[in-house]
Amino acid sequence: MIAPDLETAIRRLGELIEESAAVVPFTGAGISTECGIPDFRSPGGIWTKMRPIDFSDFLASQDMRNESWRRRFAMEDQFGGARPGRGHRALTSLYRAGKIPGVITQNIDNLHQASGIAAEHVVELHGNTTYASCLDCGKRYELSWVRERFDASGGRSPDCPGCNGYIKTATVSFGQAMPETAMRRAQELTELSDLFLAIGSSLVVWPAAGFPLAAKRNGARLVIINRDATEFDDIADLVVHDDIGSALAPFIAQ
Ligand SMILES: [Zn+2]
């Protein structure tokens, strides 16, 4: 059912949440656009103008590693101050009420954690861009640490002082393997859910497309909240083609 208007959408969503024991949200870029973080994949987005750096190029070339960090710090200056939006805050309220056991996200912006969901309850399919790690020993580095050395060396990406490994944002780049643990945990959460909320994802980028289908096959009810139509609208129990913040704001606990 495609909700005919926002009021109906909110009422029906409230009923579905009320009737469910395990609500599992799956979030994409659309939940963060009201926080000022653009959807890089959307038409006109950054990635249509500037090709992302493949993982193999990052490994092969110091210039590419420098360029990758140069872009990352440019992004930080633009979006580093982003705060959680109404969608994040609504999900955090439901999490605190015991309705949501965990969130699966395609986003790398850390905004679910910033809104109060414990890091161990956020499954990040594409990693996290708000910190870095050594590709060899796994040691975590903060962006400020990287930036200090990047700036002091005239724009050279620093290597790990412990093992000389390359240091990269903790994201999953194009050409890099999907993180196995995150994929497994996402699968487990999906199977646990009796209400699966796909929010702000076009559901076309693999592996996003698999989860709503898996939830539905497992007997969960499926809600899709997305500005544009998705190919799963037909099998969803509720489809909301409306602004995500407006649809979820009534679920923010006062
Ligand atoms: Zn290292």
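**View 1. Burial of strand β1 on both of its faces.** In this predicted model, Val23, Pro25 and Thr27 on one side of β1 and Val24 and Phe26 on the other are all buried (buried means under 20% relative accessible area, exposed over 50%, and partly exposed in between, with a 1.4 Å probe and protein chains only). Because five of the five residues of β1 (residues 23–27) are buried, the strand is largely enclosed by the rest of the structure. Strands (E, at least two residues) and helices (H or I, at least four) are DSSP runs, numbered from the N terminus. In a regular strand, side chains alternate between the two faces of the sheet.

**View 2. Parallel pairing of β1 with β7 and with β2.** Five bridges join β1 to β7 (residues 195–199) in the parallel sense, and Pro25 stands opposite Leu197 in β7. With β2 (residues 103–105), β1 runs parallel over two bridges; here Thr27 stands opposite Thr105. Strands pair if DSSP finds at least two bridges between them.

**View 3. The open sheet β5-β4-β6.** Three strands in this order pair in the antiparallel sense. The edge strands, each pairing on one side only, are β5 (140–142) and β6 (167–171). The twist averages 50° from one strand to the next. Between β4 (residues 127–134) and β5 there are three antiparallel bridges, and Ala132 stands opposite Tyr141 in β5. Helix α4 packs on the sheet, touching β4 and β6, and its direction makes about 50° with that of β6. Helix α7 also packs on the sheet, touching β4, β5 and β6, at about 70° to the direction of β5.

**View 4. Packing of helix α4 against helix α7.** The axes of α4 (residues 62–79) and α7 (residues 143–152) lie 11 Å apart at an angle of about 120°. Axes are lines fitted to C-alpha atoms, for helices over the stretch in contact, and angles run from 0 to 180 degrees between N-to-C directions. The two helices are therefore oblique to each other (under 35 degrees counts as roughly parallel, over 145 as roughly antiparallel, 65 to 115 as roughly perpendicular and the rest as oblique). Asn66, Trp69, Arg70, Arg72, Phe73, Glu76 and Asp77 of α4 meet Leu143, Val146, Arg147 and Phe150 of α7, contact meaning heavy atoms within 4.5 Å.

**Notes.** Residues are numbered from 1 along each chain as its sequence is written, and side-chain values use heavy atoms, without hydrogens and water. Local features need pLDDT of at least 70 and side-chain atom pairs count only at pLDDT 80 or more, whereas totals for chains, interfaces and linings use all residues.
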